[in-house]
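Take a walk through this structure, one side chain at a time. Keep the sequence at hand as you go.

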Amino acid sequence: MAPPPSMPAASDRAGPGRDAGDSSSLRLRRAPSADAGDLAGDSSVGLRENGEPQPPTNPPPQEQQQQHEMLYYRASAPAHRRVKESPLSSDAIFRQSHAGLLNLCIVVLIAVNSRLIIENLMKYGLLIRAGFWFSARSLGDWPLLMCCLTLPVFPLVALMAEKLITRKLIGEHVVILLHIIITTSAIVYPVVVTLKCDSAVLSGFVLMFLASIMWMKLVSYAHTNYDIRVLSKSTEKGAAYGNYVDPENMKDPTFKSLVYFMLAPTLCYQPTYPQTTCIRKGWVTQQLIKCVVFTGLMGFIIEQYINPIVKNSKHPLKGNFLNAIERVLKLSVPTLYVWLCMFYCFFHLWLNIVAELLCFGDREFYKDWWNAKTVEEPVHKWIIRHIYFPCIRKGFSRGVAILISFLVSAVFHEICIAVPCHIFKFWAFSGIMFQIPLVFLTRYLHATFKHVMVGNMIFWFFSIVGQPMCVLLYYHDVMNRQAQASR
């Protein structure tokens with residue numbers, strides 16, 4: 001317990017009609033001194049050789065605190081000393097620690113979800129299957145596998161283009177054109193292969209996910225090398241950039257730096273990265289075990305909860321409105337669990353495993369997006385570095401830069417989901433673009449209610465409701481497409 005604040009003097013507490021030398025008041029004020037005097041006169045204190053009394057040793061801090069508390073909590077000591085707010089009042093609630101309430105929420109979640117798991121198993125039994133994600137034909141999806149294995153060709157061609165411009169064999173406009181062709185081909189090629197091959201949904205999703213990562217890495221590779229050339233030319237002409245230019249990151253591209261970048265858990269290219277000194281094999285093993293456990297948990301939630309709910313639902317835009325709301329809300333909790341498990345597995349466990357194996361030093365793969373006060377906060381470094389600020393430097397307004405950033409994100413969300421499903425209804429695209437008005441709304445609310453997490457509530461509400469809505473929309477569209485194809 002922290003020591004209480006110092007007590008006011010007894011003479012300050014005494015009213016004008018009381019004698020400042022009142023014995024009870026004096027005794028209360030001078031109790032520590034009296035105790036010290038008793039100790040000084042005690043024979044156990046001892047005397048020096050010259051007969052002078054030896055000064056008393058200071059009591060231990062615990063005894064001092066105990067003496068202070070004995071004085072502080074006397075009946076005559078005031079219990080109310082200053083103006084205070086209740087812990088749950090609006091002015092003090094965000095200054096309090098909510099660790100106990102967090103523990104309560106965890107216990108309640110465990111209890112409620114345990115009951116739901118038991119109820120689900122009693123109603124449906126064990127429903128673990130892999131037919132929807134991996135079917136027998138998944139092993140025959142060799143075109144997708146071959147496409148995935150040939151994706152590394154595009155970075156090699158990009159390296160050749162950089163080598164040509166470094167040796168001044170081609171001009172700046174030519175290398176820009178080459179990079180546009182390379183990056184476009186890197187995303188169009190997997191899209192065509194996936195659409196031509198009637199593969200399993202998960203196989204197509206994995207291919208499009210890897211292709212999107214490849215495209216973003218190639219864009220960062222071309223953009224960064226172009227910016228390095230611009231800075232090098234400006235520096236040669238005498239321009240000063242101070243500490244913004246790192247000589248280690250102004251090197252020409254090499255095959256080694258390209259391979260490391262393509263394997264590294266980052267989308268932002270630079271010639272060198274901060275690195276660790278060793279690989280913790282035991283730590284990697286622990287993370288792999290966690291990754292397997294959480295992947296199994298995701299599969300369990302999908303098969304036991306999401307699939308039965310989705311199968312017993314109707315198209316949310318064609319059936320009864322209240323029934324659609326009930327299905328969306330019922331689906332929201334398991335969908336949120338899968339989303340959080342997916343985030344933890346990929347952004348925390350898997351990326352940290354890859355970073356450890358490659359001695360990649362910068363492990364800030366994400367920030368505390370769960371505390372986001374506006375919808376625009378959880379934005380990736382790649383978008384800020386290669387889309388948002390380049391638009392600002394070109395003279396676009398901040399609003400237009402945000403629009404372009406969300407537009408690129410919406411296009412790739414639609415590609416990663418619609419192409420494997422062979423359906424282009426633009427549900428994912430609309431969901432991302434709908435966040436733009438929410439950006440300005442949450443920004444306004446945060447500026448108006450600075451101490452209230454209204455924007456964070458809107459962020460979580462959109463995340464909880466928007467995802468199950470997209471799941472229902474895409475599921476019923478996929479089922480309708482398969483039903484039409486089987487006729």
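E162 is buried, because its relative accessibility is 1%. Buried here means under 20% relative accessible area, exposed means over 50%, and partly exposed lies in between, with a 1.4 Å probe and protein chains only. This is a predicted model, in which local features need pLDDT of at least 70 and side-chain atom pairs count only at pLDDT 80 or more, while totals for chains, interfaces and linings use all residues. Residues are numbered from 1 along each chain as its sequence is written, and side-chain values use heavy atoms, with hydrogens and water left out.

What does E162 pair with? R229 forms a salt bridge with E162, and their closest N and O atoms are 2.7 Å apart. A salt bridge is a side-chain nitrogen of Lys or Arg within 4 Å of a carboxyl oxygen of Asp or Glu. This pair links distant parts of the chain. Helices are DSSP runs of H or I with at least four residues, strands are runs of E with at least two, and both are numbered from the N terminus. R229 also counts as buried, because its relative accessibility is 15%.

Now turn to E356. It forms a salt bridge with R280, with the closest N and O atoms 3.0 Å apart. Again the pair links distant parts of the chain. E356 belongs to helix α12 (residues 321-357), R280 to the loop between α10 and α11, and the two are 76 residues apart. R280 is partly exposed, with a relative accessible area of 40%. E356 has a salt bridge with R363 as well, at 3.1 Å from N to O. Elsewhere, salt bridges that share partners join E162, E172 and R229 into one network. The structure holds 9 salt bridges.

R280 has another contact. It lies over the face of W283, at 4.6 Å from the ring centre. A charge sits over a ring if NZ of Lys or CZ of Arg is within 6 Å of the ring centre and within 35 degrees of the ring normal. K217 does this too: it lies over the face of F261, at 4.5 Å from the ring centre.

Next come the ring-to-ring contacts. A pair of aromatic rings is described by the distance of the centres and the angle of the planes. Rings of Phe, Tyr and Trp (its six-membered ring) pair if their centres lie within 6.5 Å; planes under 30 degrees apart count as stacked, over 60 as edge-to-face and the rest as tilted. How many aromatic pairs are there in the whole structure? A search finds 25. In one of them, Y221 and Y269 have ring centres 4.8 Å apart and planes at 70°, so the pair is edge-to-face. Y221 lies in helix α9 (residues 201-236) and Y269 in the loop between α10 (255-263) and α11 (281-311), so the pair ties together parts that are 48 residues apart in sequence. Both Y221 and Y269 are buried.

W369 and W370 make another edge-to-face pair, 5.4 Å from centre to centre with 75° between the planes. W369 is buried, at 14% relative accessible area. W370 counts as partly exposed, at 35%. Both belong to one aromatic cluster, which also includes F205, F209, W339 and F343.

Cysteines are the next stop. A disulfide is a pair of cysteine sulfur atoms within 2.5 Å. A search of the whole structure finds 0 disulfides. C341 is in none; the nearest cysteine sulfur, that of C345, is 6.5 Å away. C341 counts as buried at 8% relative accessibility, and C421 counts as buried at 9%.

Finally, look at the backbone. Most residues other than glycine have a negative phi. H422 has a positive phi of about 60° although it is not a glycine. H422 is found in the loop between α14 (398-421) and α15 (427-433), and it is buried, with a relative accessible area of 19%. F426 has a positive phi of about 60° too. F426 lies in the loop between α14 and α15, and it counts as partly exposed at 43% relative accessibility.
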